[in-house]
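Reader: I am new to this structure and would like a close look at a single part of it, the second of its chains, together with what surrounds that part. Could you take me through it slowly, in one connected account?

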Amino acid sequence: MVQATGILIARPRPGLRRGRALFSLYPLLVLGLALFVVYPLGMLLAQAVQADGRLSAGTVLGLLRESYYRAVLLNTLLLGVSVAGLGTVLATGYAYAMTRVAMPGKKFFHFVALLPTISPPILMALSLILLYGRRGLITNGLLGLQSTLLYGFWGLTAAQVLAYFPFAYLLLLNLFRGLDASLEEAAWTMGAHPGKILTTVTLPLLIPGLASAVLLLFSYSFADLGNPLLLGGDYPVLAAQIYLTIIGLYDMPRGAALALILLFPVTLVFFAHKRLAERAAFASIGGRASSMRHPQFRHPAVRIGGLLFCGGVCLLILLQYATVLGGAVTRLFGINHTLTLKHFASALTASRDALVDTIGLAAAASAVSGVAGLLIAYFVARSRVPGRGALDFVASLPLAIPGTVVGLGFAIAFNRPPFLLTGTALIIVAAFVVRSIPYSIRSGVAALRQVDVSLDEASTSMGATSFQTLWRVILPLLRPAVLAGMIFTFTRSVTTLSAVIFVVSPHWALVTPTILSQMDRGDVGEAAALSVVLIVLVLLVIHGVPRLLGRDWREGTAA
Amino acid sequence: MSTGTAKALELRGLRKAYRLPGGRSVPAVRDFSLRVEPGEFVTLLGPSGSGKTTVLRTLAGLEEPDAGEILLDGVPLTPLPPHQRHIGLVFQNYALFPHLTVFENVAYSLRIRRTPDVRIRDEVEAALKTLGLEELASRLPGQLSGGQQQRVALARALVMHPDLLLFDEPLSNLDAKLRFQVRSELRRLQKRLGITALYVTHDQAEAMSLSDRIAVMRDGRVEQVGTPEAIYARPATLFVADFIGRVNILPGRVVDRGGSGVTVEALDRRWNVAADRCPGAAGEVLVLLRPEAVGLTEAGQGDLAGTVEELEYRGDQTEYRIQIGGVHVVVVESSPRRTRRIVEGDRVGLRVFEDTLHILPAQREG
Amino acid sequence: MAQVTRRQFTGMMLAGAAATLVPQRDAGAAGKITLYLGPPEKTSSAIAQGFEKKTGVKTTHLRLSAGEAINRIRAERNNPQASVLYGIGLPSMLTLKADDLLVPYKSPEAAAIPAGYRDPDGWWTGTDVDFIGIASNKKFLQEKGLKAPRTWEDLTKPELKGQVCIGNPATSGTGYTFLTTILQLMGEAKGWEYVHRFNANVAQYTRSGIGPTQLVGRGEVGVGILFAHDILGSIDQGFPIEMSLPDEGTGYDLFCAVILKGAPEMEEAKRFIDWSLTPESQEILAATGYFDVPTNPKAKVHDLVKPYVNVKLINYDFAWAGNSKIRQQLVDKFQKEILAGRK
């Protein structure tokens, strides 16, 4: 009876009034984002635009005036465009074959294509050198070539395409799957053969998705630090140049100015992307899809083509990983192929701290990112709190910001009072979280949109506070999305190099910088062994944790 | 706008099972056979899950049958991929290409076949005119109402002069009034163009009003094929009787067989049923009585007497639930027939239109 | 299959959140020290462990290249994380000194070190010396019928086009030492002219100075310019490499130990410097495959290093090379004139 009267009392904005407990977290989130996103960027900006204590655009303009830096900028753009273009084509073909061609081995193809998303991108450079370098197993050993092509534009393109196309593939896979199947069926019955369906219906409808893939790859290429450091000796790009300027020239203001220059095109791309996604919303028009089972083309030529294409790409990827494994178990890959376990022993002893710290900090980051991401998603998608748009914007900013810039911003902002965090675990966890929270939010918002608002309303009308609704109704329905976001945060955190290279400290060692310095020193075996251990650990987490948590976390009960 | 000569469709022994991820397979269509005459409009009617859409998709080539033959004027279709079948399909959600204008949507199949631009313009304009869509040619599908989208989908299917026109519940996304209007338009158009058509729906009223013949489906098989009248008046099975329209099912017993029919005892009274309405009936039977085949009269008059237990007033009709000696019978009457309103608890007399009684063997259907 | 309840989930979340709040690992406590070390990880670990074993002071260390070290120490100016920087070349130490990031310490052990290898005021003390050498892949020499280069000029011969590799002067101490050696030996004008010609033969400037060992060792390039300890290390690992030295004399670097300003563990830092000058400490270097010449005359010299103890060195001007203005100037010029012209 008491509850019944509760409903009868007029409440002008039930969402706000009833959920005080939940909404008290809102300022906390705002503060967190201000501290870890806005503040470091501001400090970076300040560092870049002041000279001799005065405000000046001199550093930035000075850099742009130099032909060397203009060349670097051009290199970066050219590489980004090439990687984006090639990677998107590859990803489109792969996603198409996986969703539309009747062929065996799809599970295997999918697994292989996802390997690069869970391993440190620099791994690509390592195995590329071993396979295709001047004395590479394939270029030199098999073909007798001694090509320097690898060290520069082509090598970088190859490394980045291999490392990043799977991200675009994942994106496109979902879009290919989500497209209303009846559209393609309609085209088919109207006389279009599979190729025509692809070019006249599927691809035009996926244009926004393809653009997303292009922009995603573009920004990944821009942000990549490891591969340019290892392969781009004669092909300087911005991310590496920032690193070299700071590590080599000890010139923080110039590094910050370069970071600003890097930030500019990336931000532009990001906003272009946002506009595009908003305008071209028709890809999702087929909400009432009549059938989600898409045409599976069985024409022999299509099937063989699909198999050859996916098989070829898989072969390229597997070759990379086989090489890493080979490097890990041989004494000196390329010179002395005696089998040995000493690299693994060393990875598990000498680098044990790095492994333990990486796993621990990444786990902490995924917990924070999971909770904060869900809350922000809830505020953005379900509440009417003022400033939620700005909150979403700020939290999504790190999508646009390359890891190098985030790391540099952190290094500048947090090594002085009032926020003295250098050397702490917090700074690393914060860097991890900032880098991955946009994805947690996106997946949370997307999942929330699937849950009908009437469920919230029903819960509220029965007297639940916002917090209770979130806890008892929404969270159980969102478990798979939350878990996916957390696992993503975890993998992204353990594999990132650019975001942490400026914030690692002796107290908290991380794996990727360790691999980089091992590769620098020529300890290919140890670098390879450590990479293998890392990949195995990540695979265990990805496949083990959801299994451990049970079915509800994997599939969810949402319709 | 007319097709060449209409073609005959023949389906023989069609089977299709879906394999589930666990390795189990679920039969969707089992041993389905049907012949559709040239220019005929046949509807597959059945509850959801009865396999009717699977039959349609198999016809279009979107599903591969596990067994069976599909012949169009005697030519087997099964080996052909969808794009070589020349079959028009109107989807439940219309499947209009959201990135193309109405004109381009309709022109799609012609462009695919590399038709010269001039002809495309003529053909598309003719198709749009047929469906009264001339004004909308340059719109995008997102800017159309549901009814307009439905017409575009139809125009798009017609413009390719298909050998066969398939409809997959095309009216289910329209509101009731519009559905009624489009229904009659569709029928007129199909008759005018003389295209052989196969229509899938779970709405019996739609099936009745549109079709030359109806094939009632259940669990992947055809339960009964016939004209709407035959299906309604002489259902072959209890399922058909129950699925199409409403029916009172009364236990009865055959007491006498004559040359012209049988005498059956039900509701403590004897009825004469014509021979074509009691296929193979003997002993215990079920007597089917349509609710509208009964009229109410004053108490003491008519064939039977009963008490009104419940009534539901619907404006144009009134439905009564009447108890007759322990058995409940539902009666539907067109409403304003008499001055005195009947109320619950009234004793009434019932007049049964004996010709409409239909008898099915009791053991069928379990 | 185990199911996780919301309660358990909360528990996990809280545990995760708590993990982030745990403060940095017990740094700054008595009897502990944080070290920034320059030598390769294996040697660095051995140094840290050696000190720990000798003194009982618990160590935490991070291996850093010269550039990383300088940058990090600058960044941590307000909040120094480490007390000692060890095993980094003298020019970098001079840069740190100019930035006011060091504190002087005159170790009692320094008396054993020759005067040329230590600062009279104790700002820095040398622990080991190494010089620039030329590493050639034996298989490459054999295939091309060449002899290992014996002069700086040999490196510009057309036979070596695209076959030379060296650390980028902007990022590696090796590259910078090479550049300054050439400029000191030949003078500014002729020196830069040489660098241009040399550049034509360079296949790649690697990020770190040690990078070329891998490339030369695996035969990706024929010749690498490296510090001798890296070359000898690779030979020791089994790479088919031959080391040669330029007749004109070669540059060298003095690797030092310094105490960082604001060191959180000052007493332990002093003990580390003391220990780093002892033969016991300096012998760890070669024992772990880091083949330098120890500055303490009493330290044993490894057999691999012995032949090179009396190598012809130039009179390397550390004050000039270590001046950060000069450094910036040279690196800038190198980037603009040499690197920018490469494709």
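Author: Taken as a whole, the C-alpha trace of chain B spans about 75 × 50 × 45 Å along its principal axes, and the secondary structure of chain B comprises eight helices and 20 strands. Chain B has 366 residues, of which 40% are buried. If one considers the contacts in chain B between residues at least 6 apart in sequence, 66% of them join residues at least 24 apart.

Within chain B, one sheet can be followed strand by strand. It is an open sheet of four strands, in the order β2-β1-β4-β5 (chain B), and the pairing is antiparallel. At its edges stand β2 (25-36) and β5 (75-76) of chain B, each of which has a single partner strand, so one side of each is left without a neighbour in the sheet. Strand β1 of chain B, residues 9-19, pairs with strand β4 of chain B, residues 67-72, in the antiparallel sense, and five bridges join the two. One residue pair shows how this looks in detail: L9(B) has L72(B), in β4(B), as its bridge partner.

From chain B one can turn to its surroundings. On the side of chain A, 23 residues are in contact with chain B, and on the side of chain B, 20 residues are in contact with chain A. The elements of chain A that give two or more residues to the side touching chain B are α11 (181-189) and α12 (194-223), and it is α11(A) that gives the most, with seven residues. By type, the residues on that side of chain A divide into twelve nonpolar, seven polar and four charged.

The mean pLDDT of chain A is 81, and 89% of its residues reach 70 or more. Over residues 1-18 of chain A, however, the pLDDT is below 50, and this stretch has 13 contacts in the model beyond near neighbours in sequence. Residues 282-291 of chain A also have pLDDT below 50, and that stretch has 24 contacts beyond near neighbours in sequence. Where pLDDT is low, the predicted coordinates should not be read in detail.

Chain C stands in another relation to chain B, for no contact joins chain B and chain C, and their closest C-alpha atoms lie 18 Å apart. Two pairs of chains are in contact, and of these chains A and C share the most contacts.

Terms used:
Residues numbered from 1 in each chain as written. Chains lettered and ligands numbered in written order. Predicted model: local features only at pLDDT ≥ 70, side-chain atom pairs only at ≥ 80, totals over all residues. pLDDT = per-residue confidence, 0-100. Contact = placed C-beta atoms within 7 Å. Buried ≥ 20, exposed ≤ 12 C-beta atoms within 10 Å, placed from the backbone. Nonpolar A, V, L, I, M, F, W, Y, C, P; charged D, E, K, R; others polar. Pairing = 2+ DSSP bridges.
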